[in-house]
Amino acid sequence: MELCVALDLPTKEENLALIEKIKAHDVWLKVGLRSYIRDGEAFLQAIKKINPDFKIFLDLKLYDIPNTMADAAESIMGLGVDMFNVHASAGKRAMQTVMSRLEKYESRPIVLAVTALTSFAADEFEAVYEKSIAKKANQFAQDALESGLDGVVCSAFESQAIKEITNEKFMTLTPGIRPFGEDAGDQKRVADVAFAKSAAVDFIVVGRPIYQSENPSEVVRKIVAQL
Ligand code: C5P
């Protein structure tokens with residue numbers, strides 16, 4: 001299991017200061033909508049300048065018509081990131097179009113599909129998708145596998161079942177982790193590190209419990225010790 005630290009701070013300077021604090025640890029960094037829209041490619045370059053070995057997950061959750069998603073995926077190829085994601089609910093044709101567009105590259109980032117956002121409570125999810133989270137997450141994972149993606153974003157509670165209906169190598173990445181039972185914030189389906197590990201999760205994403213702490217490096221150290 002690997003730790004991916006969410007860089008969701010209000011300014012580029014604060015994100016870079018956080019990276020400086022945790023740079024001794026072997027972690028992935030997640031650049032999401034807030035940071036990427038504001039700071040763009042220059043931010044990715046600034047991260048690589050601190051340590052070129054940092055692996056970057058670009059969490060933009062693409063959702064559009066198939067051709068536009070594939071165009072965006074090709075633009076992402078030029079950024080040198082190691083992982084990005086799309087929404088499974090964009091459909092199999094969209095996911096397949098993205099993957100076939102990337103075939104011509106010798107190597108490509110890991111591509112994941114978002115199943116159910118971890119901020120959804122069960123009733124909120126059903127109001128949108130008209131199925132339970134568990135059922136729909138399984139179906140989205142199957143669609144992603146059949147479309148050639150490498151894995152899914154899901155909550156720790158869906159990870160085990162998804163591994164069973166896909167295969168062991170099909171990756172799960174789980175946000176909504178509160179490593180030692182911290183405040184959930186807007187997340188609804190939260191799990192701790194030990195639970196994620198028991199659910200065969202490949203990547204845990206942790207944001208607020210790290211960047212809102214007095215000592216981010218110590219929190220990262222404690223999480224990494226449990227991986
Ligand atoms: O602060 P916290 O640990 O809740 O951060 C979780 C991060 O993971 C946020 O950047 C959020 O956008 C992202 N995320 C999520 N649920 C998903 C996909 C991504 O919380 N399904």
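This is a predicted model: local features need pLDDT of at least 70, side-chain atom pairs count only at pLDDT 80 or more; totals for chains, interfaces and linings use all residues.
Student: How many helices and strands does the chain have?
Tutor: The C-alpha trace spans about 45 × 35 × 30 Å along the principal axes of the chain. Within the chain, the count is 10 helices and 8 strands.

Student: Why is the chain described as being as compact as a globular protein of that length?
Tutor: For 227 residues the globule rule gives 17 Å. The chain is as compact as a globular protein of that length because its radius of gyration is close to that value, at 17 Å.

Student: Which residues come nearest to the ligand, and how are the residues of its shell divided by type?
Tutor: There are 16 residues around the ligand, and the nearest are Asp8, Lys30, Arg178, Gly207 and Arg208. By type, the shell divides into 7 nonpolar, 3 polar and 6 charged residues.

Student: What distance separates an oxygen atom of the ligand from an N or O atom in the side chain of Asp8?
Tutor: Arg178 has a polar side-chain atom 2.8 Å from a ligand oxygen atom. Gly207 uses a backbone N or O atom, 2.7 Å from an oxygen atom of the ligand. For the side chain of Asp8, the distance is 2.6 Å.

Student: How much of the area that the ligand exposes when taken alone does the protein bury?
Tutor: Taken alone, the ligand exposes 470 Å². The buried part of that area is 87%.

Student: Which elements give two or more residues to the shell around the ligand?
Tutor: The ligand takes up the space of the largest pocket. Elements giving two or more residues to its shell are β3 (55-62), β8 (203-206) and α9 (208-211).

Methods:
Residues are numbered from 1 along each chain as its sequence is written. Side-chain values use heavy atoms; hydrogens and water are left out. A residue is near a molecule or strand if one of its heavy atoms lies within 4 Å of it. A polar contact is a pair of N or O atoms within 3.5 Å; within protein, one must be able to donate a hydrogen and the other to accept it, and residues adjacent in sequence count only if both atoms are side-chain atoms. Accessible areas come from the Shrake-Rupley method with a 1.4 Å probe; for residues, only the protein chains shown count as cover. On a 1 Å grid over the protein atoms alone, a cavity is a set of points where a 1.4 Å probe fits but cannot get out, and a pocket is an open set with protein on both sides within 12 Å along at least five of seven lines; lining residues have an atom within 4 Å of a point. A molecule sits in a cavity or pocket if more than half of its atoms lie within 2 Å of its grid points. Helices (H or I, at least four residues) and strands (E, at least two) are DSSP runs, numbered from the N terminus. Ala, Val, Leu, Ile, Met, Phe, Trp, Tyr, Cys and Pro count as nonpolar, Asp, Glu, Lys and Arg as charged, and the others, Gly among them, as polar. The radius of gyration is taken over C-alpha atoms; the globule rule is 2.2 Å times the number of residues to the power 0.38.
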